[in-house]
Amino acid sequence: MVSFPWTVSKIEFSRRNRRVAYYLAGLGVLVLVYTVVYNLALARLEGVNQSIFASFEYIVQTMTTTGYGQDSDLWSHPLMYLFVILAQISGIAIGFFTLRLIIIPLFSESDVNLDDRLTPKEDHVIICEYRRDSAVLLDELRELDVEYVLISSSEENARNLSDEGYSAIHGSPQDAEAFERASISTARTVVADAGDANVNTILTVRSLSTDIETIVLTDDNDVRDVLLEAGADTVLSPRKVLGHRLAEKAVSSFSSQLTDTIDLGGDIEVTEITVHPGSQLDGRRIRNSNIRERTGANIVGAWIDGELQLPPSPDAIIRPNTVLLVAGGHSALEEVSDFTRPARSLRQHERVVVAGLGEGGEAAQSIITDSGIDSVTIDIEDRESVDVIGDAGSKEILHKAGIESAGAIIVGLPDDSASLLTTVVARSLNSDIEILVRVSDTDATGKALSAGADYVLSIPRVSVRMIAKELRGEDVLAPASQIRLIRVSADPFVGSTLAESEIYETTGCRVIAVTDASGFSSTIDPHQEFTGDERLVIVGTDEAVQQFEKRFDVSPAETAS
C-alpha cells in the first residue's frame, strides 16, 4: 500500500512537502506564463487570433511531450520557433525534476537510499547520534555554511531528517562502515553525542583516523576523564554549564553583590537582571526608569513578554518577569540590581528549591551550597543528596520542600511537560518566588515564560553555542545565557563608523562595547571610525548572530579568542 506524505485530514508541511508545494505552484505559474506569451506571440508576430484555451492546450501538449505539430503551420517568425524550442526543452527538464522530486519519493519511498541524497563532502563535520534537538544544530551549521553529515542509528529519524532537507544517513556510529559512507577521510571534525556508546564511538573514529578532531557531549561529567583517555579532544557538558548559570542567577537574587556578570574588559560588564514584583521598576516605562541617570549603567536589551528587544522600546512597560540586559561598571550593575528587587527584604527567603537532581541539578546545588545559601532538593529517586522524594509537579511535594517561603526554585527535570507543570504549580503557591527553568526542547522556552518562569535556558541552544565555539573558534562570552554574546573583529567595518555599518538594521544584532588593541573595553561612540584593530562585542538572538556572521563573512580566524 502506498503511504502518501499528506492526508486530507491532516497536512504535515515538512520541509520536503513545502518544497513540493512551491515546485507545483511554480510549475503552474510557468505554464500560465507560457500560455499567455504564446497566445500574444501568435497574435502579434503571426497575425493569428487564437483562443487562450487552445494556446493552453498546445503548451500542455508541448511540455508533457504528448504533441508538438498541431500549430506548426501557423509559425513563420524566428522568435516563434525559438519560443517553441524553449517550451520543449523546459518541458523535458521539468519532467526529470518532477520524476526525482515527487514520483520516485512518493511511490518508492521505502527503497530510497539516503546515501544517494548526499552531495560530495569535504572539510565537513560528522555528527553522531545528536540527541539535543538535531534541527537546531543542523540549522546553525547550514546558516554558517558548514558542511555536515549526521549519522543516526534510528532509520526513522534519519529518514525524517533527510526528508526535511538535512544531510542525514542511517547507520551505527560504532560501525566503521557508517563513517566511511559519511566520508570521514575528508572530514575535519566528529561530534559525538551517543550517551553510553560515546567511548565505543570514539574508538571507532580513532581506528579510522588519528588526526581528526573529536568533540564529545555528555550528561555525566564523571566520565570526562574516561572520554579524554579514549581519544576525545574536547568534552562538553551542557547540562552542567546550565546548572551553574541557573544557580548563579538564583544566588544573585539574595545578594547585593552580583556574581553572574560577564566581564567585557576594562570597567565594563554586562548581566541579565530579572525584575521582581513590587520593585521600584515594576510598572514603569523604559524611558521613565532613569537607570542611566541614577546608576550610569545602560539598558541595552530586554526580554519583554518572552521577546528580546534590542534596544527595548522607550515606551515598553517593565513588568514582573521582565529580564533587563544591562551594561556598565560593576557597582552600577549592583545598583540596578537593587532597583529590580522588591522593597521588602528577602533575608527570610534565602532558600533555593532544586527540582531535579541530575547532572544540572547537582551542579546547581554545589554553587548554592558554596554561596552559603540553604537548598532543598527534590527528585523521584531516593539518593543521599535528595531531601524530598517525589514528583516536583505535586503541590504536596512542593509544600514539603517549603516552596511558600523559598526565594527561588530551579527546575531541571528531564521532561519538559513536567517542568512546565512544576512551574505553574510553583507560581500558584508562591507568586513572589523566582523561577528558573531548564528546557530540553527549544520550542518549550516560550511556553515556560508563559507558565510563569522568570528565566529560561534551552539545552539545545546552549549546546549549539558550545559546539560553535569549538568548530568555528567563536568567541562566546556566555554560552549559558538567554542571549548570544560574542566578540568579533572589526575588520569588515574598517573605514566606517558604527552608524554607517548598519549592523542592527540588517541583522538585528547590537554592538554594546568595543575592545581596543590593549584589551580595554569602552562604550560605543557611533561616530568613531573603525581601524580594524578593535574587537566588537555583539549581542542578539541565536538567529540574529547567525545572520550577522553570514552577512559580514566573519571567519573563525576573526572570532578566535
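**Charged and aromatic side chains in a predicted model**

Glu 534 lies in the loop that connects β21 (521–522) with β22 (535–540). The structure discussed here is a predicted model. Although Glu 534 is buried, it takes part in no salt bridge. The nearest side chain of opposite charge belongs to Arg 535, and that side chain is 10 Å away. A salt bridge requires a side-chain nitrogen of Lys or Arg within 4 Å of a carboxyl oxygen of Asp or Glu, so Arg 535, at 10 Å, does not qualify as a partner for Glu 534. The side chain of Glu 534 instead reaches a backbone atom, the nitrogen of Gly 532, at 3.0 Å. Leaving aside residues up to four places away in sequence, Glu 534 touches Val 488, Ser 489, Ala 490, Val 514, Thr 515, Gln 528 and Glu 529.

Other charged residues do find partners. Side chains of opposite charge can pair when their charged atoms come close. In this model, the count comes to 23 salt bridges. One of them joins Asp 542 to Arg 484, with 3.2 Å between the closest N and O atoms. This pair links distant parts of the chain, since Asp 542 belongs to helix α19 (residues 542–551) and Arg 484 to strand β19 (residues 484–489), 58 residues apart. Both Asp 542 and Arg 484 are buried.

A further salt bridge is formed by the side chains of Arg 132 and Asp 193, at 3.0 Å from N to O. Here too distant parts of the chain are linked: Arg 132 is in the loop between β1 and α4 (134–143), Asp 193 is in the loop between β4 and α7 (198–208), and the two are 61 residues apart. Arg 132 counts as buried because its relative accessibility is 5%, and Asp 193 counts as buried because its value is 0%. Arg 132 and Asp 193 also belong to a network of salt bridges that includes Arg 131, Asp 219 and Arg 239.

What is the setting of the salt bridge between Arg 188 and Asp 123? Its closest N and O atoms are 3.8 Å apart. Arg 188 is in the loop between α6 (176–181) and β4 (189–192), whereas Asp 123 is in the loop between α3 (78–107) and β1 (125–128), 65 residues apart. Arg 188 has 26% relative accessibility and therefore counts as partly exposed. Asp 123, at 48%, is likewise partly exposed.

The aromatic residues provide another set of contacts. A pair of aromatic rings is described by the distance of the centres and the angle of the planes. A search of the whole structure finds 7 aromatic pairs. Among them is the stacked pair of Tyr 38 and Tyr 58, with 4.7 Å from centre to centre and 20° between the planes. The pair connects helix α1 (residues 15–46), which holds Tyr 38, with helix α2 (residues 52–63), which holds Tyr 58, across 20 residues. Tyr 38 is buried, its relative accessible area being 0%, and Tyr 58 is buried at 1%. Tyr 38 and Tyr 58 also form part of one aromatic cluster with Tyr 34 and Phe 83.

Charge and aromatic ring meet at two further sites. The charged end of Arg 294 sits over the ring of Phe 339, 4.0 Å from the ring centre.

Methods. Residues are numbered from 1 along each chain as its sequence is written. This is a predicted model: local features need pLDDT of at least 70, side-chain atom pairs count only at pLDDT 80 or more; totals for chains, interfaces and linings use all residues. Side-chain values use heavy atoms; hydrogens and water are left out. Helices (H or I, at least four residues) and strands (E, at least two) are DSSP runs, numbered from the N terminus. Buried means under 20% relative accessible area, exposed over 50%, partly exposed in between (1.4 Å probe, protein chains only). Lys and Arg count as positive and Asp and Glu as negative; His and the chain ends are not counted. A polar contact is a pair of N or O atoms within 3.5 Å; within protein, one must be able to donate a hydrogen and the other to accept it, and residues adjacent in sequence count only if both atoms are side-chain atoms. Contact means heavy atoms within 4.5 Å. Rings of Phe, Tyr and Trp (its six-membered ring) pair if their centres lie within 6.5 Å; planes under 30 degrees apart count as stacked, over 60 as edge-to-face and the rest as tilted. A charge sits over a ring if NZ of Lys or CZ of Arg is within 6 Å of the ring centre and within 35 degrees of the ring normal.
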